[in-house]
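Good morning, and thank you for making time for this presentation. Please have the model open while I speak.

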Amino acid sequence: MPETTLIADSLSLMAIGMGTVFSFLLLLVLLLKGMSWLAEKLAPGGVEPLLTPAQVSRNGQTADAELVAVISAAVARYRSHRRQ
Amino acid sequence: MPETTLIADSLSLMAIGMGTVFSFLLLLVLLLKGMSWLAEKLAPGGVEPLLTPAQVSRNGQTADAELVAVISAAVARYRSHRRQ
Amino acid sequence: MPETTLIADSLSLMAIGMGTVFSFLLLLVLLLKGMSWLAEKLAPGGVEPLLTPAQVSRNGQTADAELVAVISAAVARYRSHRRQ
Amino acid sequence: MAELLTLWQSTGVANFVWGQLLMIAVGCGLVYLAIAKKFEPLLLLPIGFGCVLSNIPVAGIGGPDGLLGMIYSVGVETGIFPLLIFMGVGALTDFGALIARPSTLLLGAAAQFGIFATLLGAVALNFVPGFNFTLQDASAIAIIGGADGPTAIFLASRLAPDLLGAIAVAAYSYMALVPIIQPPIMRALTTKKEREVVMQQLRPVSRLERILFPFVVLALCALLLPSAAPLIGMLMFGNLLRESGVVERLSRAAQNEIINIVTIMLGLAIGSKLSADKFLALETLGILVLGALAFSIGTATGVLMGKIMYRATGGKVNPLIGAAGVSAVPMAARVVNRVGLDANPHNFLLMHAMGPNVAGVIGSAVAAGVLLALAGS
Amino acid sequence: MAELLTLWQSTGVANFVWGQLLMIAVGCGLVYLAIAKKFEPLLLLPIGFGCVLSNIPVAGIGGPDGLLGMIYSVGVETGIFPLLIFMGVGALTDFGALIARPSTLLLGAAAQFGIFATLLGAVALNFVPGFNFTLQDASAIAIIGGADGPTAIFLASRLAPDLLGAIAVAAYSYMALVPIIQPPIMRALTTKKEREVVMQQLRPVSRLERILFPFVVLALCALLLPSAAPLIGMLMFGNLLRESGVVERLSRAAQNEIINIVTIMLGLAIGSKLSADKFLALETLGILVLGALAFSIGTATGVLMGKIMYRATGGKVNPLIGAAGVSAVPMAARVVNRVGLDANPHNFLLMHAMGPNVAGVIGSAVAAGVLLALAGS
Amino acid sequence: MAELLTLWQSTGVANFVWGQLLMIAVGCGLVYLAIAKKFEPLLLLPIGFGCVLSNIPVAGIGGPDGLLGMIYSVGVETGIFPLLIFMGVGALTDFGALIARPSTLLLGAAAQFGIFATLLGAVALNFVPGFNFTLQDASAIAIIGGADGPTAIFLASRLAPDLLGAIAVAAYSYMALVPIIQPPIMRALTTKKEREVVMQQLRPVSRLERILFPFVVLALCALLLPSAAPLIGMLMFGNLLRESGVVERLSRAAQNEIINIVTIMLGLAIGSKLSADKFLALETLGILVLGALAFSIGTATGVLMGKIMYRATGGKVNPLIGAAGVSAVPMAARVVNRVGLDANPHNFLLMHAMGPNVAGVIGSAVAAGVLLALAGS
Ligand code: NA
Ligand code: NA
Ligand code: NA
């Protein structure tokens, strides 16, 4: 393929590509707004109905567990250093 | 292969093999001594130069990122709870 | 295969199948009773004989090895810090 | 403009087929059941999402070069995934209750009648125009009555790969429905007096017994029914990892890393078999009906065997625990516990139901072995 | 003595080729960047070491029978590894900021201009003697501008496997350079007043929205751009595992075990494609130049779109957050935060930049889909 | 009744062959050693159980379509599993003691004499009627003297796949027997005065040295002995993951998830090679005898080299630490520590023995490379 055809091809690819990306994400903006509106209709009151505090803490289970582990290890090391 | 050839082969394999193993590890002794000398030149003072407290915390970059994400999420959720 | 043959086949499969399942599990009942009797003979006193505290700690063999490695590393690092 | 046309021809809108839309709806329905109704979410969520992904036109995610298609051929067609899950199940299962009271194995045996009754039912359905199940198909469908996911998938992948999707969906759905399907049957078949029976404390089990147990089960299997050996063998291997006490690292790997990774892959791969031409067929309706039948019959025969043992032991066995013989671990045992508590608020049957419950796992693996040996070729 | 000769002929000294020595130096350089400069070490360290291993003469570790070659053909050629990593990314990503303010998707869209401008640049390079990029090559190079490793690897493995090594190295290197490349561009294109804008608190997002989100994104993708469905699908599957709240085990497996194991394998496998004849070519130089260009243009167009939104909303949007639209999660968002703090010490933009940041991930997956659909065949 | 006959013909009872029963007994014996005697349970338990499973008649679990057979062909035939385990070993190993005192590498070298003496012994066995080892067979058997499981399996899978089962069993069994085999030899070859030597504290090792170490070892290997590069390369890659300090996630994955999962698979797969026709042969007896010989000779030459270093350094080196040169990490180092404590209750040799111990790992990988290069073709 001669370079000029390739340039033409890539120019049209650029136009169509950016067009598609923009259309796609613009449509997604609209759909997400619709989704949030629908979600509010279906389960009014936002976070509450589905996400009680108990559930929040359960969601954070792993991060929490790792944090506790990391902190305990750090504390243990700090203490062992101070003692000596 | 008759047994005697095999014996001869394995004798030479033994000689060459032990020779190689010894040469290899002897060379490695020298290289490691050189490496340690070089390391001391590049970063005098042993352990310290490469592992400052600042760097240690930077080592935890990804952990850091996760922590930030976790904390931001927690803050966001906490706020959303308080508002309602 | 005409439906009626299939029905006949599945009827015999049902008979043989349930027969096998029952025989198998009935035999297993007997074998398990035998096994428990044998286990009591080999290691009288139930749970105790096989699981002494000493053995429990020996179970942790690899953990032990890692612990040693971790501790030695920690000690080595601590020393190198103090010297400087 | 040629590119615009190419792009348009590559869109989903231009390529969607009616059946794909329906299957995507089915997939979303499975995810809904998994999340909102907590229907066996560990399997039904990946299955549902895998179904959605595989029915996207053009992308071919479930096809031979797509991610899910490749996972399917490596892990499900070969039988590797269900066997690795069975190893994990073994590593997660405490067979202590069964060792303490081996007679509960008979309850696990009785409940397998659901399988064989369904086999007959599936074949009988051939009299209805539109159904044309072979003996292989009927066997794969019947195993739904075993209430044991990996066993059902393993057998279906061997005997009736075309029905695998529907069978897996039915198996996990009905397992999730155990708390709804079982109680009425249990109450209908027992008297209040029977349900109130408080059972004797289980004896403690020694470590040696726990270690010998896998070998005893495997030995019997090897002698009588080698076709069940892959299933029983991996189950017992997992259990030995757990009970040996010397390979803690491996036991943890089997219980966590391996089973979790394989569950994700297995679910997605099964989802990829939910295509319109195979799932939106009359057969699926038949499978769903037969599956419900299988569970009900298995529950009933388990309870009836419980009543026999109640009589035989002079009232020492609560017949309710027979319902746990269908397996569906640990859900069925919990249902037994709840129905027992309804009758007598001080009657905790959970531990007693664990015996027949895990016996049901062995029982349906044995049944799968029989079906493989006789209908397999 | 014959053995001594054989041994000598099997040594590396007797077999080293100049190019292999250079590539080993390149591999060591990558490892140096990973360790000493913390350049995306999770990928660049395995890539660098894989490069060293594969360029050892005689051993053939990167060849068809070598460990790394086998890993490559199983995991990269098939596209499996980048897709599994994308699943993990989905399970690790909180799309809450995007759901709360969907308009930031436009910033993610604008930043993809870096991709398409680079496509043009790559093709234009063909006027320079020695370059001869096809449209496929140019597309694979352009995706570096997406600042998203798995997407780049997935696309390159499909369109230009020969360039995969260089493209992956460039992609991860520039991602690591985001804190250096972006700030000057961001400052040049914005006024101090604009950078000081404090944005409104994000609204809370309900769990139902979080659960519906993956389906909305996937639905759009299925309808308009099925070629992006493998990438978007696995990203959204991972996110659903995370947000559904019912499959904690699987979510943890996707976030840890699977992504860690696959990252090691993927890095080593990519390293095995860094051979002298493919990497020490003029093309690589072009790829590195184009990659830097791509990042810079993407940052600029993101910020410019931010300025448009600043005007359109009457000054409510800080244009800096547009720079996060290139993705490079979470580094770009942190850079935004830092540049914002420089202008106004009380202005924390991190959460606000997370919206365009994750939008950029979706945006570059969409761009990859377009390139696959149009340049793919 | 035809079905009853089919079922009977598919039972194990009707199909058992004498050899299978014996091999099942062997498998049970291995599991017994693993559980009751704690003989390297992480490998011997899966190997033993895999042996039992593969010798169940009809089921074909170890055959080409069986689970274990498939795992074998994917993971062992290709050499992938031992290499991944070596990566994990690297990530678990602290080479600090070796870096602090590189001269201990000579102890690791000396102990490899066990390998080459055994090679001669294996070939000499051919004079006994019934033995007919090729040079490849002899090399694979000799590597048992390296006291390093993954190395032995890797080499055997390349040079003598038929002997792999027996070699793996011998290697792990003798490693477990190190506390029994070594002490008498150590005591016989040393005086009480020598055993009482208290060694000088090891100097601290900087992080830079730890990071450079893998590259130095790999460079030497690439220059002199590329055939050892897969083994040495993965060992050093794992160690770099550990010491770089920037890829904690990957280091943990290599040390836990990957090594645990692969160990289960590797063990089962090796077990599947323990078939009657290959294991119940005269060769196995020879392999067991030669293996014991290899360990003893390696221990002896290690200690003798220790005595040379004792003289050369004017009594600063305790010759006991030479025994750790056979590798068998960390068991041999602990044995050294114990024998040292017997002589002098205040003499802790553990850290000093770690140097030769890990040197032995490198040493036997080097020896494996030589054997591959010279006997491999
Ligand atoms: Na069952
Ligand atoms: Na992007
Ligand atoms: Na060794």
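I will take the metal sites, then one interface, and then some points of backbone geometry.

Please keep in mind throughout that this is a predicted model.

I turn now to ligand 2, a sodium ion held by chain E. Its protein donors are E:Gly146 (O), E:Val326 (O), E:Ser327 (OG), E:Gly360 (O) and E:Ser364 (OG), placed 2.2 to 2.9 Å from the ion. The sequence spacing of the donor residues reads G-x179-V-S-x32-G-x3-S. Here I would point to another pair: E:Ser327 is in the loop between α17 (282-312) and α18 (331-343) of chain E, and E:Ser364 is in helix α19 of that chain, so the two tie together parts that are 37 residues apart in sequence. Are these two serines, E:Ser327 and E:Ser364, buried or exposed? Both are buried.

The second topic is the interface of chain E with chain A. Chain E contributes 48 residues to the contact and chain A contributes 37 residues. How much area is buried between chain E and chain A? The value is about 3,800 Å², and carbon and sulfur atoms give 86% of that area. As for charged pairs, the number of salt bridges between chain E and chain A is zero. Polar contact is found for two residue pairs across this interface, both at pLDDT 80 or more. On the side of chain E that touches chain A, at least two residues each come from α7 (105-110), α8 (113-124), α9 (135-142), α13 (207-224), α15 (248-271) and α19 (350-375). The largest share of that side, ten residues, is supplied by α13(E). Sorted by class, the side of chain E that touches chain A comprises 35 nonpolar, eight polar and five charged residues.

My last topic is backbone geometry. As a reminder, most residues other than glycine have a negative phi, and most peptide bonds are trans. D:Pro330 is in the loop between α17 (282-312) and α18 (331-343) of chain D. In chain F, a cis peptide bond joins F:Val329 to F:Pro330, with omega about -10°. F:Pro330 is located in the loop between α17 (282-312) and α18 (331-343) of chain F.

Two residues with positive phi complete the survey. E:Val58, which is not a glycine, has phi near 65°, and this residue lies in the loop between α3 (41-54) and α4 (67-76) of chain E. F:Glu40, also not a glycine, has a positive phi of about 30°. F:Glu40 occupies the loop between α2 (18-36) and α3 (41-54) of chain F. With 23% relative accessibility, F:Glu40 counts as partly exposed.

Thank you for your attention.

Key
Residues numbered from 1 in each chain as written. Chains lettered and ligands numbered in written order. Predicted model: local features only at pLDDT ≥ 70, side-chain atom pairs only at ≥ 80, totals over all residues. Heavy atoms only, no water. Contact = heavy atoms within 4.5 Å. Buried area = accessible area lost by both parts, 1.4 Å probe. Salt bridge = Lys/Arg side-chain N within 4 Å of Asp/Glu carboxyl O. Polar contact = N/O pair within 3.5 Å; in protein donor to acceptor, adjacent residues only side chain to side chain. Helix = DSSP H or I, 4+ residues; strand = E, 2+ residues; numbered from the N terminus. Nonpolar A, V, L, I, M, F, W, Y, C, P; charged D, E, K, R; others polar. Buried < 20%, exposed > 50% of the residue type's maximum accessible area, 1.4 Å probe, protein only. Donors = N, O, S within 2.8 Å, 3.2 Å for Na, K, Ca; no water.
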